[in-house]
Amino acid sequence: MASTDADEPTHAQLDADELLLWALMARFEHLALDRYTALSPALAAAGDGAKRAWVARLDALPTDPAALAASPLAPPVDVLLARAQSADETAVLLVQGLVLEHLGQSIYRIAQGTERASAATRALAAEGLAASRQVTAAAGRRTADVVGSGEDLYRTFTDRTHDVLGALDALADPVDAVFGERFGLRFADVMGEFVADLIAAGTALGMQRRKIVAHLAGACMGL
């Protein structure tokens, strides 16, 4: 059966705004793959190397790093990624494998579902979402083995993720300005899906819902 454009997105289908979105996601995905490869190989290998293949897919796109660097997204993204330079497997599992993967999934779902984006971007978002889900499934299993569950996990989770969560709010205005009207990708919607996903993932690991909510609220407000 012949492939359709939606099955195999072409570079020509992506406009400048879409390429900016993919340049942004590539920054997060490169950091994730780097940390997984160095400190949590099980996540790099999840789904037969789904994350590695996804990063290669992003690298093949004709994105312009200079366009991202010149955008209002660059300063808050730089701060967020600087805080996400996880130095051990515990931090990698909680910061990249739990927090940032679920943040990415919320973006991919919104991008996949919007009619304001091309078929190419919607198909790419579906690929990114599938790769990320492979990682979060592996991260949940590995977290239980390495970090534990329940109250012990919660104490470590709050310590390791506070600074990263605290950097998210600075993305609100830039995300709305750059992607809101163009794609219907608004920070409030991203955060709504992200919080719901993170609570579900955390409770599956034995953390109490109300405590996760309190931590997210406090960290995002800088408390």
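Let's start inside: the largest cavity is lined by 22 residues, and M25, F28, L103, G104 and I107 lie nearest its centre. Two or more lining residues come from each of α1, α5, α8 and α9 (187-204). Here a cavity is a set of points on a 1 Å grid over the protein atoms alone where a 1.4 Å probe fits but cannot get out, and lining residues have an atom within 4 Å of a point. This is a predicted model, in which local features need pLDDT of at least 70, side-chain atom pairs count only at pLDDT 80 or more, and totals for chains, interfaces and linings use all residues. Residues are numbered from 1 along each chain as its sequence is written, and side-chain values use heavy atoms, with hydrogens and water left out.

The volume of the largest cavity is about 280 Å³, counted as the space filled by probe spheres set on the points. Its lining has 18 nonpolar, two polar and two charged residues.

Now step along to S106, which sits in helix α5 (residues 89-113). S106 is buried, at a relative accessible area of 0%; buried means under 20%, exposed over 50%, with a 1.4 Å probe and protein chains only. The S106 side chain reaches the backbone oxygen of L103 at 2.6 Å. Beyond neighbours within four places in sequence, S106 is in contact (heavy atoms within 4.5 Å) with V190, E193 and F194.

Finally, look at helix α4 (residues 74-83), whose buried residues are A74, P76, V77, L80 and L81. Seen down the axis of α4, they fall within an arc of 165°, so they line one face of the helix. That arc is taken from the directions from the helix axis to the C-beta atoms. On the other side of α4, P75 and A82 are exposed.

Conventions:
Helices (H or I, at least four residues) and strands (E, at least two) are DSSP runs, numbered from the N terminus. A polar contact is a pair of N or O atoms within 3.5 Å; within protein, one must be able to donate a hydrogen and the other to accept it, and residues adjacent in sequence count only if both atoms are side-chain atoms. On a 1 Å grid over the protein atoms alone, a cavity is a set of points where a 1.4 Å probe fits but cannot get out, and a pocket is an open set with protein on both sides within 12 Å along at least five of seven lines; lining residues have an atom within 4 Å of a point. Ala, Val, Leu, Ile, Met, Phe, Trp, Tyr, Cys and Pro count as nonpolar, Asp, Glu, Lys and Arg as charged, and the others, Gly among them, as polar.
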